[in-house]
Amino acid sequence: RLQDYAQRKGYFFAHVTRPQAPDLSQPAAKLVYQVDTGRRYKLKNLQINGVDAISNQALKDEFKSKTASLPLIGNPRGLTSDDMLRQDANTIQKRLREVGYRRAHVEVRRAVSLNGNDLIIRFDVEQGPRTYVEAIGLRGNAVLTDDQLRSAMTISPGSPLLTAAVARNTEKLADTYSTLRYA
């Protein structure tokens, strides 16, 4: 938590060494954490490379990490930490999987600008191949036929595997049975 705190304050390369285990035979213990803050930087740029399925701005809008802004408007140094970068990478991966890129992989890289004052974060993304629906199976439908149920669906073989489309079609099938008074 100390390292995360220091990183959020602009010491993006801060490192905290935990204390050694105390001598349990003593009545009191003294814990000393070694904090190496390093230099303080300004988060100037968040880059996303390798994504064309989703706009970079849409992804950045969901990020926990934020670039530096004017002092009166927001955080003048920007905001990030190892934990926030992990969450941001997970956001990219999750969004890509939602639109059919199930093998998406994200790596986070940190760099310092040539002037030595600014931090640059780069997310290198491998989208991987897109997954498509090969077939749709229906089981347990004793009231309606497969054709009746398929007519209510918008997803079909050959379409991209989209999480939202699967959820919408699940709701449509449930609604089809609900209109026939099957709870």
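Me: Is Leu31 buried, exposed or partly exposed, and where is its place?
Reply: Leu31 is partly exposed, at 46% relative accessible area. Buried means under 20%, exposed over 50%, partly exposed in between (1.4 Å probe, protein chains only). Leu31 sits in the loop between strand E1 (15–17) and strand E2 (34–36). Strands are DSSP runs of at least two residues, helices of at least four, numbered from the N terminus.

Me: What should I know about the model?
Reply: This is a predicted model: local features need pLDDT of at least 70, side-chain atom pairs count only at pLDDT 80 or more, and totals for chains, interfaces and linings use all residues. Residues are numbered from 1 along each chain as its sequence is written, and side-chain values use heavy atoms, with hydrogens and water left out.

Me: OK, sheets. How do E3 and E5 run, parallel or antiparallel?
Reply: Parallel, with 7 bridges between E3 (residues 42–49) and E5 (residues 118–126). Two strands pair if DSSP finds at least two bridges between them. Asn45 has Ile120 in E5 as its bridge partner.

Me: And how many bridges join E4 to E5?
Reply: 8, and E4 (residues 105–112) runs antiparallel to E5. Val108 stands opposite Phe123 in E5. The hairpin of E4 and E5 has 5 residues between the strands, and Gly116 there takes a positive phi near 80°.

Me: New topic. How many aromatic pairs?
Reply: The whole structure has 3. Ring centres of Phe, Tyr and Trp (its six-membered ring) must lie within 6.5 Å; planes under 30 degrees apart count as stacked, over 60 as edge-to-face, the rest as tilted. Phe13 and Tyr41 are edge-to-face, 5.6 Å centre to centre, 80° between the planes.

Me: Is Tyr41 buried or exposed?
Reply: Buried, at 10% relative accessibility.
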